[in-house]
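Please read the following report alongside the sequence and the model.

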Amino acid sequence: MSLRYDWCALARSPSRLIIAGALLTLAVTTAVARQGAPPRAALPFTVISTDARRPLAASLVGETVMVSLDDLAALFQLTVREDALAGGVTVGYKGRTVIVTAGQALASAAGRLVSLPAPPARDGRRWLVPVEFVSRALGMIYDARLDVRKNSRMVLVGDVRVPRIAVRQESSGPQTRVTLAVNPRTPYTVSQDPSRVLVHFDADALDVSLPTFSPQGLLQSIRLSESGQTIAIDVGPRFGSFRASQAALDEGGVQVTVDLMPAAAEPAPPAAPSRGGLPALPVPPLPDIPTPSAQPAAGGLRTVVIDPGHGGEETGAKSATGVLEKDITLSLARRLKALLEGRLGLRVLLTRDGDQAVALDDRAALANNSKADLFVSLHANASIRQTVSGAQIYYFAADHAGEDARRTAVGRHTLPTAGGGSRDIEMIPWEMAQLGHLSESGLLAGAIEEQCRDRVRLSPRPVLQAPLRVLAGANMPAVLVEVGFLTNPDEERQLVSDAYQSVVALALVDGLLRYREVADLARPPQHALPAPASEPVRRGP
Ligand SMILES: [Zn+2]
């Protein structure tokens, strides 16, 4: 199998010598370490095909979302055969097989090895597998395409049309505006019944993120109808009429805007169904509501620290023609900063804004000291093989020592002191700060992957976990993005171009926006580790 690895960042991890194969071993061992906890109930998935919608139960083992092989067998007409001697399970479909083995975060699908975020787990008589098994392993032997949308709890089978729709609402003076950012562009109609404005999409299902807000006189609620194809805007007693319009979005999407106007402010024109979102009747001009392009940062996302990898004498990866990773990462970081500041009004800090070396720990320290809400480290990759290509998004994985330390710190809330005995932790080793944010970092990585798909060339396994030093000390959700391989000639040409750098930066912006949406939905009642109260504990050279 071909194993891709982060040449530049992993190889520089100071406390450990990490070779190509070690990444795989670590993924397996950390996953095993999480296996102790019994499964907990999790929100179910909906399996959507062109002719049906069926539920698929899910559970959480540690931080991994798992589904049962029995349920998958019933849904997808699979055979499941346990091999007690080998400690594994063989899943069959039309003569093709996937084999999973206890304790291994891998599956062999039609003879090819694919990685899973965690090993299969036994729950009584059932076998549980990470939901990614469906797309990564089952997808390789199944007749139809299988796509897991983990954040919106969907499994898409075959060529179903399921646009992503981000809904926002804002009020300005007497009006309320509801905007739907729809991607990809999907035919729709807007209509009205006495208590609702309905936006109906010509789709199999909708992958919707809805805003939270308090009911008002004009707008009571926004919800997905039971059919799953219509967004219902429930209007309040003050509602008089609506006006719909649309605008093209980047990357082939469309933004549908529905303005709700009060009855008193103007006579309500009878609203007729309109095709394509254009108003069916002429409507009087209205004062403009400011467009949400420069909206204040909401949802707890205010400050982002962007970390352009390497710098100074430490050039990072180098292409055959002499392109240096440190230059690519700085250029991309500046673009991303400009977009996040200009479009979202966020406060953005760079760990370097010139060609100088910055220690790995100092990069995370800047993020901690500036109370950043997110930390994004940018790198470009290198491989000994020219053919290896594709972006990868890493989030932190502890090794065994880190996991043990976390149990001590989180479980007992005490740490041994230098003079013997123990004390409450208001102080934790710097290295462990990231452990309190792993699930959100995973969400962030997933959101970036989702927004990069179809825009940025991704590695076959785009989301990975590794014990990256630069992420370890970050006391906030953090990812490291390898934007592509400088050793791949095609990708090198892309990475040096303004156009492609803009595409990558825009995808990252959308990834952060998507994260903000899903993090609000998924925020678990978990206790994050307290902020380190002292100087970082530095280990290694
Ligand atoms: Zn690097």
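Predicted model: local features only at pLDDT ≥ 70, side-chain atom pairs only at ≥ 80, totals over all residues.

## Pairing around β1

Strand β1 (residues 40-48) pairs with strand β2 (residues 53-61) in the antiparallel sense over 7 bridges, and the two are joined by a hairpin of 4 residues. Within this pairing, arginine 40 has leucine 60 of β2 as its bridge partner.

## Aspartate 234

Aspartate 234 lies in strand β19 (residues 230-235) and is buried, because its relative accessible area of 12% is under 20%. Its side chain makes a polar contact with the side chain of arginine 223 at 2.6 Å, and the residues that aspartate 234 touches include Ser195, Arg196 and Leu218.

## Salt bridges

A search of the whole structure finds 27 salt bridges. One of them joins the side chains of arginine 161 and aspartate 202 (3.3 Å, N to O), linking the loop between β12 and β13 to the loop between β16 and β17, 41 residues apart. Arginine 161 is partly exposed at 42% relative accessible area, and aspartate 202 is partly exposed at 40%.

Aspartate 361 and arginine 469 also meet through their side chains in a salt bridge (2.6 Å, N to O); aspartate 361 lies in helix α6 and arginine 469 in helix α9, so the pair ties together parts 108 residues apart in sequence. Both aspartate 361 and arginine 469 are buried.

## A salt-bridge network

In helix α11 (residues 498-522), glutamate 517 and arginine 514 are 3 residues apart, which means that about one helical turn separates them. They form a salt bridge whose closest N and O atoms are 3.1 Å apart, and arginine 514 is buried at 8% relative accessibility. Arg514 and Glu517 belong to a network of salt bridges that also links Asp147, Arg149, Arg164, Asp207 and Glu450.

Note on methods:
Residues numbered from 1 in each chain as written. Heavy atoms only, no water. Pairing = 2+ DSSP bridges. Buried < 20%, exposed > 50% of the residue type's maximum accessible area, 1.4 Å probe, protein only. Polar contact = N/O pair within 3.5 Å; in protein donor to acceptor, adjacent residues only side chain to side chain. Contact = heavy atoms within 4.5 Å. Salt bridge = Lys/Arg side-chain N within 4 Å of Asp/Glu carboxyl O. Lists of a residue's contacts leave out its neighbours within four places in sequence.
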